Amino acid sequence: MIRFLLYRLALLVPTFIGVSIVAFAFIRMLPGDPILLLAGERGMTEERYQQLQHLYGFDQSIFVQYFNYVADLLSGDFGTSIVTKRPVLEEFFTLFPATLELSLCAIIVATAIGIPAGVFAAVKRGSWLDQSIMGVALVGYSMPIFWWGLLLIIFFSGMLQWTPVSGRISLIYFFPQVTGFMLIDSLLSGQKGAFTSAASHLILPTIVLATIPLAVIARQTRSAMLEVLGEDYVRTARSKGLPPMRVIGLHALRNALIPVVTTIGLQVGVLLAGAILTETIFSWPGIGKWMVDSVGKRDYSVVQGGLLLIAAIIMIVNLLVDVLYGLINPRIRR
Amino acid sequence: MALLEIENLTVTFKTSSGPFKAVDSVSLSCDKGEILSVVGESGSGKSVAMLALMGLLPWTATVTADAMRFDGRDMLTLSARERRRIIGKDISMIFQEPMSSLNPCFTVGFQIGESLRLHLGMGRAERRARSIELLKLVGIPAPEDRLSQFPHQLSGGMSQRVMIAMALACNPKLLIADEPTTALDVTIQAQILDLLVRLQRDHGMGLILITHDMGVVAETAERVQVQYAGQKVEEQDVKGLFADPHHPYTAALLSALPERALRRGRLPSIPGVVPGQGDRPPGCLFAPRCQYATAACQTAPKRQDRALGLALCNYPLVDGVPQGHPGKAAEVNA
């Protein structure tokens with residue numbers, strides 16, 4: 001296990017180098033100049049422009065810029081935002097809890113609905129229930145997130161007025177950030193109605209972000225269950241006279257979960273990618289919206305740093321999933 | 001009255017190409033303390049008949065019978081819940097593939113303990129004591145250590161012993177062994193058979209041994225029932241069957257045994273294969289492969305009386321001579 005972990009950690013190094021090059025190069029390939037964007041419509045003198053170019057190091061060759069960037073990274077410096085002048089790492093950790101809260105809610109919803117749905121579909125294979133679940137899953141999987149989000153806003157926020165349109169909490173509430181999770185902080189603040197407000201702001205973004213992972217998890221659970229239900233050990237369990245709930249929910253599901261857990265882990269990447277769109281639609285102040293805004297402003301250091309940090313999170317989660325896989329599968333454990 | 005009595009059991013599977021009769025009017029009985037062997041090639045409906053009794057067939061199967069009684073209870077009219085109180089307790093079954101019949105995600109102790117808790121309501125300590133006792137009974141060394149092991153840590157022979165221990169957990173009245181030695185190597189086969197016979201004798205259980213191996217039959221059984229393509233073609237006690245088989249199929253099976261080969265050289269074999277769904281002959285199902293078949297065999301063959309082993313044949317053999325056969329009998333007499 002230790003060997004395996006070390007091997008996987010070593011693999012992170014080349015991946016990291018690759019991501020840093022991609023992040024560095026891609027944002028510079030976009031037309032547009034961060035300094036001109038910063039100046040806005042009024043423009044600036046040529047002299048001031050040269051001064052700022054020199055300040056940010058943009059007057060050096062691209063290779064020198066890259067090596068300076070990597071050298072800073074190695075000393076733990078992710079750079080400073082050109083727009084806000086705050087360190088990238090600091091901004092990231094301020095905004096990340098919002099994304100984490102949304103992603104956690106989404107993955108919980110996706111798992112809590114997706115696994116039972118997949119199990120039902122597999123057990124009732126070929127029935128109208130199976131076909132409707134799989135039909136809905138296919139639609140959910142194919143749905144463009146931004147369009148789905150807008151539809152929900154029009155219907156639930158616009159027509160029914162059930163949920164707020166954007167943000168994390170109503171502006172009338174203010175309390176200090178403790179955990180960064182609005183649901184927990186609003187409870188801690190003890191203000192009346194704060195929690196309900198935070199929760200109602202979460203509903204639509206969670207649904208939108210959960211849709212694709214939910215569809216993937218349901219489909220994966222169904223196929224894993226179908227395979228497992230035909231196994232000899234399921235027949236053995238039934239031959240003991242165990243009730244169907246126990247045969248399906250324990251003997252079969254326990255085995256079917258092994259591939260499903262891997263799928264759930266892989267959805268973290270999908271979630272963070274989905275968060276970019278979802279947060280933009282719902283003005284959710286997380287890292288997804290932060291990244292989109294920074295791309296718009298050509299905030300090179302934020303885009304580079306943010307991509308690198310997101311990549312790091314995905315890699316760490318994948319590593320954790322591999323470890324978890326070993327824990328739930330006894331054949332790998334020892 | 002016998003422990004288990006089945007009369008005219010028919011099992012039909014719905015398939016995409018129409019109904020398929022896997023078991024065709026099979027009658028079977030097994031008494032307390034008796035070993036009945038059911039013999040036949042693959043696809044002769046041996047396992048399906050027993051799975052029908054256990055209620056373990058998929059929903060595509062339709063089971064009909066004139067009677068199916070176990071221990072004085074009518075198994076046909078039982079609800080699924082009532083049946084589950086009998087299977088795993090009074091009737092238990094072990095299967096062909098021990099390695100895949102145990103659930104890879106649970107320990108040996110958990111899997112044995114499950115029936116003990118379900119049917120006998122034993123507590124944790126009691127279950128552990130009984131599990132150790134059972135593992136000792138089936139000849140597993142260091143049973144305390146084995147309880148916490150997972151199936152992948154056991155060899156094939158060990159797995160089958162664990163399966164037997166699980167089946168014996170609630171002291172069943174009837175044990176059905178579905179090709180228990182097919183997947184094991186020869187030395188282990190003999191050990192498992194000895195174990196089954198010893199346990200059967202010690203516990204006074206009925207034992208139904210499903211096999212396609214005539215050698216296994218000769219070593220263990222008392223009464224033998226030969227099945228072909230879903231039909232019972234002959235039933236005799238084991239001595240009688242080996243001395244004087246009455247159905248041409250039984251005779252052909254026996255002459256294919258290496259030990260019984262009359263002369264050196266190639267072993268005799270039965271040409272052709274068991275008819276499948278599409279190519280079932282109209283009359284006697286064995287007719288296309290039978291050396292004695294005549295035009296009369298194109299219609300349903302006659303069931304002979306008990307003196308002729310209930311042979312399902314128009315020309316039952318007596319000392320290898322087909323009785324009442326138009327051509328062959330004359331040939332032999334001449």
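Over all chains of this predicted model, the count comes to 21 salt bridges. The report takes up individual pairs, then the contact between the chains, and then the annotated regions.

**Salt bridges within the chains**

| Pair | Closest N to O distance |
|---|---|
| Arg86(A) and Glu90(A) | 3.2 Å |
| Lys173(B) and Asp71(B) | 2.6 Å |

In chain A, Arg86(A) forms a salt bridge with Glu90(A). Arg86(A) has a relative accessible area of 33% and is therefore classed as partly exposed. Glu90(A) reaches 42% relative accessibility, so this residue too counts as partly exposed.

In chain B, Lys173(B) pairs with Asp71(B) in a salt bridge. Lys173(B) belongs to the loop between H7 and strand S8 (174-178) of chain B, while Asp71(B) belongs to the loop between strand S5 (67-70) and strand S6 (73-74) of chain B; the pair therefore ties together parts that are 102 residues apart in sequence. Lys173(B) is partly exposed at 32% relative accessibility, and Asp71(B) is partly exposed with a relative accessible area of 31%.

Lys89(B), at 26% relative accessibility, counts as partly exposed. Elsewhere in chain B, salt bridges that share partners link Glu34(B), Arg223(B), Lys232(B), Glu235(B) and Arg306(B) into one network.

**The contact between chain B and chain A**

The size of an interface is often given as the accessible area lost when the parts come together. Between chain B and chain A, the buried area is about 2,400 Å², and carbon and sulfur atoms give 57% of it. Chain B brings 30 residues to the contact and chain A brings 22 residues.

Side chains of opposite charge can pair when their charged atoms come close. Two salt bridges are found across the interface of chain B and chain A. One of them is formed by the side chains of Glu114(B) and Arg246(A), at 2.8 Å from N to O. Polar contact, counted where both residues have pLDDT 80 or more, is found in 11 residue pairs between chain B and chain A.

On the side of chain B that touches chain A, at least two residues each come from helix H1 (46-54), helix H3 (98-101), helix H4 (108-120) and helix H7 (156-168) of chain B. H4(B) supplies the largest share of that side, with seven residues. By residue class, the side of chain B that touches chain A comprises 16 nonpolar, 10 polar and four charged residues.

**Annotated regions**

For chain B, an unreviewed UniProt entry carries the annotation "domain: ABC transporter" over residues 4-254. In the model, this span of chain B is 41% helix and 27% strand, and its end C-alpha atoms lie 28 Å apart.

For chain A, UniProt (unreviewed entry) places the feature "transmembrane region" at residues 6-27, 95-121, 133-157, 194-217, 256-282 and 302-328. Residues 194-217 of chain A are 100% helix and 0% strand, with 33 Å between the end C-alpha atoms. Residues 302-328 of chain A are likewise 100% helix and 0% strand, and their end C-alpha atoms are 38 Å apart.

Note on methods
Residues numbered from 1 in each chain as written. Chains lettered and ligands numbered in written order. Predicted model: local features only at pLDDT ≥ 70, side-chain atom pairs only at ≥ 80, totals over all residues. Heavy atoms only, no water. Contact = heavy atoms within 4.5 Å. Buried area = accessible area lost by both parts, 1.4 Å probe. Salt bridge = Lys/Arg side-chain N within 4 Å of Asp/Glu carboxyl O. Polar contact = N/O pair within 3.5 Å; in protein donor to acceptor, adjacent residues only side chain to side chain. Helix = DSSP H or I, 4+ residues; strand = E, 2+ residues; numbered from the N terminus. Nonpolar A, V, L, I, M, F, W, Y, C, P; charged D, E, K, R; others polar. UniProt positions renumbered as here; feature names shortened; annotations may be inferred. Buried < 20%, exposed > 50% of the residue type's maximum accessible area, 1.4 Å probe, protein only.
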